[in-house]
Amino acid sequence: MMLDLLFPNRCIHCNRIIEPDLLVCDLCFNQIHFTHYDYFGNNLIKEKCRLLFPVEHTYALIQFEEEGVSRKIIHELKYRSREKTGKILAEWTTERLDFKDAKPDLMVSVPLHPKKLRERGYNQLHLFTETLSGFYKIPFEHTLIKRNHYSKAQALKDKKHRLESVNTFSLNTTVTGKHILLIDDVFTTGNTISSIAWEILKAGDNKISVLIMAVDI
């Protein structure tokens, strides 16, 4: 209680004091551009993914904008140790995404390299994935995929280096006959998701769908 009084929670965009379990105030929330994608229909991510690998369904929660609220949300999650942001984003997702009677079998988030995980202290996708898992009653697996190379953040790479992906990922265990939902924070080139998807697809009779926090296309 005393800490809440001394250090009140503030909106990450306008700095207004807000409730402890919120991320942004009502005014700034209304500035967030939710994509309103149809998970089962066509959208920009599905079009991009289909050029890279066979994909079943795709969904993104928000539109990533360089000067908008969405950029601050993702940076809070990834670089400012506000892991609870992932839980809030997951709650926003559950209010908008309905798998109907076609739920995936397994949720798998993009892994960090162990060195980066030590540096950051947490994987920004884990709490997001775990919250979704609890809501939809879909199991998750954080250790299915291994990142083989340490690299700087996608946001700091130029386009040429974002496209380099040979042997970036591998499977820790074999998985077959599963419909797997791949989860990532920001979709730009599709390169990361594609690299993981092919590792899963070539392992057995698997199908891939994709869920993204923010799309930057």
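1. Strands pair here if DSSP finds at least two bridges between them. Helices (H or I, at least four residues) and strands (E, at least two) are DSSP runs, numbered from the N terminus.

2. The model is predicted: local features need pLDDT of at least 70, side-chain atom pairs count only at pLDDT 80 or more, and totals for chains, interfaces and linings use all residues. Residues are numbered from 1 along each chain as its sequence is written, and side-chain values use heavy atoms, with hydrogens and water left out.

3. β5 also pairs with strand β2 (residues 106-109). The sense is parallel, over four bridges. Here S109 stands opposite I183 of β5.

4. Strand β5 (residues 179-187) is largely enclosed by the rest of the structure, because eight of its nine residues are buried. Buried means under 20% relative accessible area (1.4 Å probe, protein chains only).

5. Together with helix α9 (residues 191-201) and β6, β5 makes a right-handed β-α-β unit. Right-handed means that, with the strands pointing away from the viewer, the path from the first strand over the helix to the second runs clockwise.

6. Helix α4 (residues 69-79) is mostly covered, with eight of eleven residues buried. Among them are V69, I73, I74 and L77, but also H75, E76 and K78. The buried residues pack against β5 and β6, and also against α2 (26-29), β1 (58-63), α5 (84-94) and α6 (114-120). Contact means heavy atoms within 4.5 Å.

7. Just after α4, S81 takes a positive phi of about 60°.

Note on methods
Buried < 20%, exposed > 50% of the residue type's maximum accessible area, 1.4 Å probe, protein only.
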